[in-house]
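Hi,

Here's the structure I promised to pass on to you. Have a look at it first, and then read my notes below with the viewer open.

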Amino acid sequence: MFTGGMFRKGKYMRDLQEGPDREWDEKLGIVTAGAEGDSSDLVNFRYEPTPYAVLERLAESGLLDAGSVLIDYGCGRGRCTLFLHAKTGCRAIGIDHNPVLIREAKANLARMKGAGPETSETQSGPARTGALQEKGTGKADEAAGFGKEAVFFRRAKAQNYRVTDENAFYFFNPFSEVILQAVLREIIGSWYEDPRQMYLFFYYPKDEDLALLSMFDEIMFYDEIDCTDLYGGRDQREKILVYELPSGE
């Protein structure tokens, strides 16, 4: 069982992903590897980016598209946020409590926007469709200039972020179960206010997270995206568990 800030993937896995991850960073014109500038405490865990190979599996699942509005909790330098927007066209919001990492995520967004034709698939900048431009992410974000951006990063504590029209949520061990419980209650509260199909993605899930998810009747298991073959089948936690709050239609 993995617990709290001691949870880390093994060196074997990090070594296997280093080369391909560097290639994707170069393609997108961003820098997302490493943990410099970050630190962990009892409730906020150290930044570790999801391998691009795993993010590709999620992008290919069909669960995210241009109509999705994704929150990446504990976004760090923005790898997941930027890549999933680039591959699926979703609006993507990166949240992190660490001011250093948020500055670096914003710098990565600026680099990706300015990378030129090679990264034209990223669709960064204003959202591609009128519906997405109009929908926004709530009055507070619109007032701060976030409402019409296809991708933005915000320094915030996850438990303080108000969910409005977002419908997809990504987690890779960003914080403790105390914070996760508050975040799940916020997501469920938004779903009751505006019933809609929501997907929650948990990469490399911890037993504690799964136990907590089972406590909420509203959240149902939907599917599993298997990634064990990417790393020789040695680690059965190499997967993304997908949970849903259904639209009710």
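Let's begin with strand S2, residues 91–96. In this predicted model, six of the six residues of S2 are buried, so the strand is mostly covered. Which way do its side chains go? Arg91, Ile93 and Ile95 point one way, while Ala92, Gly94 and Asp96 point the other way. Both sets are buried.

S2 has a partner on either hand. It pairs with S1 in the parallel sense over five bridges, and in that pairing Asp72 stands opposite Gly94 of S2. S2 also pairs with S3, again parallel and over five bridges. There, Ile95 has Arg154 of S3 as its bridge partner. Helix H3 (residues 79–88) packs on the sheet as well, touching S1 (69–73), S2, S3 and S4. The direction of H3 makes about 165 degrees with that of S3.

Now zoom out to the whole sheet. It is an open sheet of seven strands, and the order to trace on screen is S3-S2-S1-S4-S5-S7-S6, with mixed pairing. Which strands sit at the edges? They are S3 (151–155) and S6 (220–226), and each of these pairs on one side only. Going from one strand to the next, the twist averages 20 degrees. Another helix to find is H2 (residues 52–59), which lies across S4 (168–171), S5 (198–203), S6 and S7 (239–245). H2 runs at about 125 degrees to S6.

Some totals for your notebook:
- The chain has eight helices and seven strands.
- It has 249 residues, and 52% of them count as buried.
- Take the contacts between residues at least 6 apart in sequence: 73% of those join residues at least 24 apart.
- The chain exposes about 11,200 Å², with carbon and sulfur atoms supplying 50% of that.

Next, the nonpolar cores. The largest one has 38 residues, and Leu84, Tyr170 and Phe201 touch the most other members. Elements giving two or more residues to this core are H1 (11–28), H2, H3, H4 (99–113), S3, S4, S5 and S7. Apart from this core lies another, of 30 residues, including Ile71, Ile95, Phe169 and Ile219.

Click on Leu84 to see its surroundings. Leaving out residues up to four places away in sequence, Leu84 touches Leu55, Leu58, Ala59, Leu64, Leu70, Gly89 and Cys90.

Cys80 is worth a click too, and you'll find it in helix H3. Is Cys80 buried or exposed? Its relative accessibility is 6%, so it counts as buried, the cut-off being under 20%. Setting aside neighbours within four places in sequence, Cys80 is in contact with Leu55, Asp72 and Tyr170. Leu55 is also on the list for Leu84, and Asp72 is the residue opposite Gly94. Cys80 and Tyr52 are 28 residues apart in sequence, but their C-alpha atoms are 8.1 Å apart in space.

Then there are the rings. How many aromatic pairs does the whole structure hold? A search finds 15. One of them is Tyr199 with Phe201, a stacked pair at 6.4 Å centre to centre with 25 degrees between the planes. Both of these residues are buried. Elsewhere, ring pairs link Tyr73, Phe169, Phe171, Phe175, Phe202, Phe221 and Tyr243 into a cluster.

Last, two residues with backbone angles to check. Asn173 has a positive phi of about 45 degrees, although it is not a glycine. You'll find Asn173 in the loop between S4 and helix H7 (177–193). Tyr204 is another non-glycine residue with a positive phi, near 50 degrees. Tyr204 is in the loop between S5 and helix H8 (207–213).

Happy exploring!

Notes: Residues numbered from 1 in each chain as written. Predicted model: local features only at pLDDT ≥ 70, side-chain atom pairs only at ≥ 80, totals over all residues. Heavy atoms only, no water. Helix = DSSP H or I, 4+ residues; strand = E, 2+ residues; numbered from the N terminus. Buried < 20%, exposed > 50% of the residue type's maximum accessible area, 1.4 Å probe, protein only. Contact = heavy atoms within 4.5 Å. Areas by Shrake-Rupley, 256 points an atom, 1.4 Å probe, with all protein chains shown as cover. Phe/Tyr/Trp six-rings, centres within 6.5 Å; stacked < 30°, edge-to-face > 60°. Pairing = 2+ DSSP bridges. Axes fitted to C-alpha atoms, helices over the stretch in contact; angles between N-to-C directions. Core = buried A, V, L, I, M, F, W, Y, C linked by side-chain atoms within 4.5 Å.
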